[in-house]
Amino acid sequence: MHATATARIIDGVAVSAKIRADCKGRVERLARRGIKPGLAVVLVGSDPASAVYVRNKERACSDVGIRSFRHDFSADVDPETLVATIERLNADPGVDGILVQLPLPPHLSVARVLRTISAEKDVDGFHLYNVGGLVVGDTVFPPCTPYGVVKLLEHEGIRVEGQNVVVVGASNIVGKPMALMLMQRDATVCICHAKTRDLAQFTILADILVVAAGKPNLILPQMVKTGAVVIDVGINRLADGRLVGDVDFEGVRRKASSITPVPGGVGPMTVTMLLVNTITSAERRQAE
Ligand code: NAP
C-alpha cells in the first residue's frame, strides 16, 4: 500500500446497492419455487433510535421482496411473553429470520432472549451456536455489521490475507466478531478496547484499521499509518445534530489510502447483510 494525497472514499451505499440487486435476483428465484422469505422484527419499548433502525430494516426488506412481520411490545413486557412469542416465531414456517432489536430494557436478559431464537433463524448471528461457528470458521449467519465490513473490503479489492489488522472495540456485536472474521481470512489481528494502554502504539501498525468504539474523534491522523485502509463503524450524534464516526475523517483521509465515510460507509451495509442472511436462511430451509 502507498500514500495518496487524499484517500479513496469507500462508498457503502453503492456497494449496498449492488448486493441488494443480487438479493432481488435470489428472492425472484425463490419466488419461482413458491417461496417468499420472511423476517420477524421484534421491537421492545419506544427508543427512538431503535424505531428508526427497525423502520429502515422493514423498508429494506420490502425493497428486495422480503416480507417483514412486526411484533411490538411495551418496555415493561413480561419476559415470558417475549420468550413465548419468539418460540412461536421459531415454529412458524413463514418466518426465515428473527430479529430482536437491541438494546432491550434492563429487566430483560439479552442472553436468554438471544438463546431463545432458533439458531436456524438467527439472522443477526448473535446466538451462541452462530458465535461458536464464527470461532471455528464455520458460521451460518455472520453478524451483519462485521459481515458488511468484510463485503466492503471484498468489493474494494482490498487484500486481507497477511495484513496487520487492528480492531478498536471489542463488543460482542461488532469488535469481537470482526476480529474473528478477519483472522479467519488470514490477517494478523490485534483487538483494542477501553482499557488498552496507549491506543496509538497499536493503531499505527495497522494496514487495515477498523474502529467501532462509539467515541467521536478517537482516531486522529497521527495514530494512522500512511496508506492504511480505515473502516469507521462508529455512529455518534453530536450536540449540533451532526452524525459522525469515531475517526477524524478530514484529518485521516489525508493519510489513509481508503476510508469509509459516516454516514454512507458501513451503516448501509449492516442492513444489507441482514437481507442477505434472511435470504440465505430461506434458501437453506427450502433445500431441506
Ligand atoms: P459498545 O458495545 O459500546 O462497545 C464499544 C467498544 O469500544 C468496547 O469494547 C469498548 O471497550 C471500546 N472502547 C470504548 N472507548 C474506547 C476507547 N477510548 N479506546 C478504545 N476502545 C474503546 O459499542 P458497539 O455496539 O460495538 O458499537 C460501537 C460503535 O459502532 C457505536 O458508535 C455504534 O453506534 C456503532 N455501530 C454501528 C453500526 C453500523 O451499522 N455502522 C452497527 C453497530 C454499531 P471495553 O470493552 O473495554 O468497554
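Predicted model: local features only at pLDDT ≥ 70, side-chain atom pairs only at ≥ 80, totals over all residues.
Let's start with helix α2, residues 48-64. With 17 residues at 1.5 Å each, α2 should span 24 Å, and its end C-alpha atoms sit 25 Å apart, so the two figures agree. Now look at which way its residues point. S50, V54, K57, E58, A60, C61 and V64 are buried in α2. They cover an arc of only 160 degrees around the axis, so they lie on the same side of the helix.

What do the buried residues of α2 pack against? Their partners are α1 (12-31), β2 (38-44), β3 (67-73), β4 (97-100) and α10 (266-287). Just past the end of α2, G65 has a positive phi of about 95 degrees.

Next, the core. The largest nonpolar core holds 49 residues, and L39, I66, L153, L182, V210, I231 and V233 have the most contacts inside it. Helix α10 is the biggest giver here, with nine residues. Take I231 as an example: beyond its neighbours within four places in sequence, I231 touches I10, V149, L153, L209, V210, V211, T260 and V266.

Finally, the ligand. It has 21 residues around it, of which A170, S171, A194, I235 and T270 come nearest. S171 puts a polar side-chain atom 2.5 Å from a ligand oxygen. A194 works through its backbone instead, with a polar atom 3.0 Å from an oxygen of the ligand, and a polar backbone atom of I235 is also 3.0 Å from a ligand oxygen.

Methods
Residues numbered from 1 in each chain as written. Heavy atoms only, no water. Helix = DSSP H or I, 4+ residues; strand = E, 2+ residues; numbered from the N terminus. Expected span 1.5 Å × (residues − 1). Buried < 20%, exposed > 50% of the residue type's maximum accessible area, 1.4 Å probe, protein only. Arc of directions from axis to C-beta. Contact = heavy atoms within 4.5 Å. Core = buried A, V, L, I, M, F, W, Y, C linked by side-chain atoms within 4.5 Å. Near = heavy atom within 4 Å. Polar contact = N/O pair within 3.5 Å; in protein donor to acceptor, adjacent residues only side chain to side chain.
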